[in-house]
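Below is a short briefing on one structure, grouped by topic.

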Amino acid sequence: MDREDIEKLVEETVNKERAKRKGISVDKVRNVLNVIFLICAVAGVVLYFTWPDRHLTGMAVIGVGMCFKIIEFFLRFLF
């Protein structure tokens, strides 16, 4: 058995263990957080360009979306 086979077996085992867990899966939470990020990003860009005198509002919405993306980023590597 070489290293690639061992890594493949470990990955399959981890995926099976995740599937056995009851409750909300981390992947579903990550997907929801990504959708929220995308909605905030699009809304922020629209606000940024439609209210030229209030660019700060658009940037704030994008910043809130980035907070959701950072949470998703940490969930990806912790679980």
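Phenylalanine 49 has a relative accessible area of 61% and is therefore exposed (over 50%; buried is under 20%, partly exposed in between, with a 1.4 Å probe and protein chains only). Tyrosine 48, at 27%, counts as partly exposed. The model is predicted: local features need pLDDT of at least 70, side-chain atom pairs count only at pLDDT 80 or more, and totals for chains, interfaces and linings use all residues. Residues are numbered from 1 along each chain as its sequence is written, and side-chain values use heavy atoms, without hydrogens and water.

Aromatic pairs
- The whole structure contains three aromatic pairs (Phe, Tyr or six-membered Trp rings with centres within 6.5 Å; planes under 30 degrees apart are stacked, over 60 edge-to-face, the rest tilted).
- One of them joins tyrosine 48 and phenylalanine 49, edge-to-face, at 5.1 Å centre to centre and 85 degrees between the planes.
- The rings of phenylalanine 73 and phenylalanine 77 are also edge-to-face, because their planes are at 65 degrees, with centres 5.0 Å apart.
- Both residues lie in helix H3 (residues 55-78), four residues apart, about one turn of the helix.
- Phenylalanine 73 is partly exposed at 38%, while phenylalanine 77 is exposed at 58%.
- Phe73, Phe74 and Phe77 form a cluster linked by ring pairs.

Fold and dimensions
- The protein has three helices and zero strands (DSSP runs: H or I of at least four residues, E of at least two, numbered from the N terminus).
- The C-alpha trace spans about 65 × 30 × 15 Å along its principal axes.
- Buried residues are 11% of the 79 residues.
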